[in-house]
Amino acid sequence: TYHAAAMDGIAVRAEETYGTTEKTPKQLTIGSDALWINTGQALPEGYNAVIMIEKVHQLDDERIEILSPAYPWQNIRKVGEDIVATQLLLPQNHVIRPYDMGALAAAGVFRIKVRRIPRVIIIPTGTELVRIADLKHPDQIRKNQIIESNSITLSALVREAHGEPVVFDIIPDTPEQIREALLRAAGSEADLVLINAGSSAGSKDYTAGIVAEIGHVLVHGVAMMPGKPTILGVIQGTPVIGIPGYTVSAVLSFEQFARPLILALQGLTPPAKKTIPVKPSSDIPSKLGTEEFIRVNIGKVGEKLVATPLPRSAGSVTTLTRAEGIIRIPPMTEGIAQGAEIDAELLVDAEELKNTIVVIGSHDITIDILSDEIRRGGRNIRISSGNVGSLGGLMAIRKGICHCAGSHLLDTQTGEYNVSYIKRYLKGMRVSLFRLVTRDQGLIVPKFNPKAIKGIMDLARDDVSFVNRQAGSGTRILFDYNLARSGLQPEAIKGYDLEEFSHMSVAVDVLSGAADCGMGIHAAAKALDLDFIPLDQEQYDLVIPSALLDDPNIRAVLETIRSQAFRDRVAALGGYDPSLSGELKLEMEPQRTTRDSSGDAGTS
């Protein structure tokens with residue numbers, strides 16, 4: 001409501017300063033010609049300009065000298081310059097920021113109407129579930145019990161959408177208790193109810209029927225994977241979403257249906273997803289008529305952004321923690337071909353993709369240790385790994401879609417690892433072969449080996465079931481080599497055609513009873529407290545295009561696997577010898593075409 005000084009200095013009447021120059025300075029008397037004034041102070045009546053303190057030369061207590069004139073309203077904030085009565089300060093549906101709060105206070109607005117934070121009730125259901133709060137130690141989990149973790153994830157997602165989560169106690173799988181929980185939630189001033197699990201077509205999935213009985217089911221089942229069993233309904237005017245039980249399905253269902261609703265209740269719209277064009281490292285088939293969400297690792301290889309699909313299981317929560325992006329395959333498409341360009345929704349900052357090393361090939365636990373050790377050393381480098389087998393890794397090198405490949409391919413004629421395969425499949429390329437580890441391969445069997453399996457010959461027994469590694473993997477080649485030496489035929493082994501894509505998957509099959517035995521590494525057996533029957537010691541190497549050896553990220557990989565910290569961690573896994581980690585085993589140059597004296601072409 002007053003004109004104010006915008007600078008520390010002196011208040012003057014501008015017209016009395018005209019004609020002042022450096023050659024003809026003007027003296028003013030404090031009190032009659034000028035007044036001292038501070039920033040924000042009201043301009044004295046009769047004065048119309050401020051000369052900043054830096055332009056004033058004080059001669060004594062009463063006199064000052066100026067070297068240039070002032071003009072009217074110089075260095076003054078006039079009434080209404082920023083905010084005037086009836087002026088719109090902030091529009092509706094505006095998120096109040098820190099500087100908005102200051103502006104409101106400066107304008108004399110001390111109270112405003114805001115939207116209430118949406119209250120979201122989360123109901124976990126399942127007789128088999130147990131809360132973390134009820135466990136003093138993970139070892140207290142009994143057989144067939146599952147830790148209830150989805151409410152933790154969903155609560156965090158609700159908060160991220162600026163909502164207030166309220167989690168009910170676990171509701172057993174009985175119609176009466178589920179009905180009571182839904183009625184209690186709908187009648188408790190909830191803005192949205194999320195009931196987790198119990199949304200598919202199983203015999204104990206009562207949710208859809210109960211929602212239909214006490215409210216309305218709008219949708220039961222959506223054309224997306226994961227997340228297909230999602231339920232959308234209304235009870236007593238309150239929206240209800242049946243969230244599937246598998247973690248990945250739960251997250252995707254929330255993102256597609258719950259998050260937009262929570263934001264809309266606050267007058268907000270979901271922020272646009274950041275996308276980038278990527279090329280898949282392998283074919284990605286998809287079911288026609290269903291939109292599929294594929295979690296992928298993404299890394300920049302040369303000028304290409306390569307997306308490596310992660311396991312598609314709806315319960316594989318680690319695919320969410322490891323993914324850099326999500327590819328959405330349209331419902332009227334039967335998949336995406338390798339190398340075809342498609343947009344991926346980014347889950348990380350785009351800058352991080354420049355520091356992602358794409359490793360494709362054979363699975364090994366030490367790749368995870370390598371990833372952790374690089375970051376423990378302070379380097380912001382991510383490892384993106386795709387388990388497609390050793391031959392698949394060499395083909396990825398050939399196609400230029402990875403930075404390095406893990407390989408342990410045995411030449412059964414010479415007993416040498418990897419070299420002959422590199423010369424055959426990477427002919428004409430300049431590549432380098434570095435030792436990562438030497439490791440023990442053998443048969444993984446249950447603890448205490450209840451079926452007394454001693455070796456390959458026991459796999460032909462009628463009471464023994466086997467789980468194999470996929471064709472093209474180094475482990476499969478080694479197993480087939482041992483099988484041939486024993487004289488057994490593949491068809492004599494029950495489960496020979498049952499394939500897994502990692503050593504840990506084989507070990508889990510044995511632990512769960514899906515198989516009595518599987519071929520894998522000692523470390524996988526040790527990790528799950530299983531027994532191990534050693535068969536061979538093999539070399540696991542990294543194949544790297546030589547042109548990348550000067551890349552700082554590749555240098556970081558080699559420095560890490562040569563470090564003592566890495567070697568100590570690998571040795572502690574059991575069944576590994578990392579003493580030669582990082583040693584160059586082969587550097588293959590492109591073959592040059594030559595001509596002999598007869599004029600015939602040859603190679604050297």
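Is D529 buried, partly exposed or exposed? D529 is partly exposed, at a relative accessible area of 46% (buried is under 20%, exposed over 50%, partly exposed in between, with a 1.4 Å probe and protein chains only).

## About the model

This is a predicted model, where local features need pLDDT of at least 70, side-chain atom pairs count only at pLDDT 80 or more, and totals for chains, interfaces and linings use all residues. Residues are numbered from 1 along each chain as its sequence is written, and side-chain values use heavy atoms, leaving out hydrogens and water.

A452 is another non-glycine residue with positive phi, near 50°. You'll find A452 in the loop between β28 (431–445) and β29 (466–469), partly exposed at 39% relative accessible area.

There's a cis peptide bond too, joining M225 and P226 with omega about -10°. P226 sits in the loop between β15 (224–225) and β16 (231–235).

## Helix α2 and its two sides

Helix α2 (residues 150–160) buries N150, S151, L154, S155, L157 and V158. These residues cover an arc of only 165° around the axis, so they are on the same side of α2 (the arc is that of the directions from the helix axis to the C-beta atoms). R159 and E160, on the other side of α2, are exposed.

Among the elements covering the buried residues of α2 are β9 (119–124), β12 (164–167), β13 (192–196) and α5 (247–264) (contact means heavy atoms within 4.5 Å). After α2 comes H162, with a positive phi near 65°.

## α7 against α14

The axes of α7 (residues 366–376) and α14 (residues 564–573) come within 10 Å and cross at roughly 150° (axes are lines fitted to C-alpha atoms, for helices over the stretch in contact, with angles from 0 to 180 degrees between N-to-C directions). On the α7 side, the contact uses T366, I369, L370, D372, E373 and R376; α14 brings A565, F566, R569, V570 and L573.

Three strands form an open sheet in the order β4-β2-β5, with antiparallel pairing (two strands pair if DSSP finds at least two bridges between them). β4 (34–37) and β5 (49–52) are at the edges with a single partner strand each, so one side of each has no neighbour in the sheet. Four bridges join β2 (residues 9–12) to β5, and V12 has A49 as its bridge partner in β5.
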